[in-house]
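Let's take a friendly walk through a protein model. Have the sequence and the 3D view ready, and follow along.

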Amino acid sequence: MNYIAQCLEKFRALPEPIKNRLGGIEVLQNIKKLEEQYGVQLSFLVVLAAVGEISLESISEYAKKKFGFSEEDAFDLRNDLVREVFSLILFSDKKVSMSEASLKEVFSKGVIKLL
């Protein structure tokens, strides 16, 4: 199994409320808007962060290496992803019904910083 398939398998193993929020209309629209704004594909980056393959702190480094972004653009992308994608997992009209401990366990290498 290749790396992309492994990451997608990990994503499918996430709790349903998390997958539903990340795959929801609002998040997908925000990802599409950011992809248009920055001119790059971000869906796999979101998957990497969701499954803990990349930490939120290292998104900037990833953007610089993968997309050739400047320091400032990479920083802006990271902040936009946190604000417009990952924060929606925790702060939404439909609260994710998981305990803080469950969320910490799921996102121990990534989104945990939002808690």
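Here we look at one helix and then at some salt bridges.

This is a predicted model, in which local features need pLDDT of at least 70, side-chain atom pairs count only at pLDDT 80 or more, and totals for chains, interfaces and linings use all residues. Residues are numbered from 1 along each chain as its sequence is written, and side-chain values use heavy atoms, with hydrogens and water left out.

Start with helix H3, residues 25-38. Helices are DSSP runs (H or I, at least four residues), numbered from the N terminus. Which residues of H3 are buried (under 20% relative accessible area; exposed is over 50%, partly exposed in between; 1.4 Å probe, protein chains only)? They are Val 27, Asn 30, Ile 31, Leu 34, Glu 35 and Tyr 38. Seen down the axis of H3, these fall within an arc of 140 degrees (taken from the directions from the helix axis to the C-beta atoms), so they line one face of the helix. The face turned away from that buried side carries the exposed residues Ile 25, Gln 29 and Glu 36. Just after H3, Gly 39 has a positive phi of about 75 degrees.

Now the salt bridges (a side-chain nitrogen of Lys or Arg within 4 Å of a carboxyl oxygen of Asp or Glu). The whole structure has nine of them, including these:

| Pair | Closest N to O |
|---|---|
| Lys 32 and Glu 36 | 3.5 Å |
| Lys 64 and Glu 61 | 2.7 Å |

Lys 32 and Glu 36 both sit in H3, four residues apart, about one turn of the helix. In helix H2 (residues 16-22), Glu 16 and Lys 19 are three residues apart; Lys 19 is buried, at 17% relative accessible area. Glu 61 and Lys 64 also join Glu 71 in a network of salt bridges.

Terms used
Helix = DSSP H or I, 4+ residues; strand = E, 2+ residues; numbered from the N terminus. Expected span 1.5 Å × (residues − 1).
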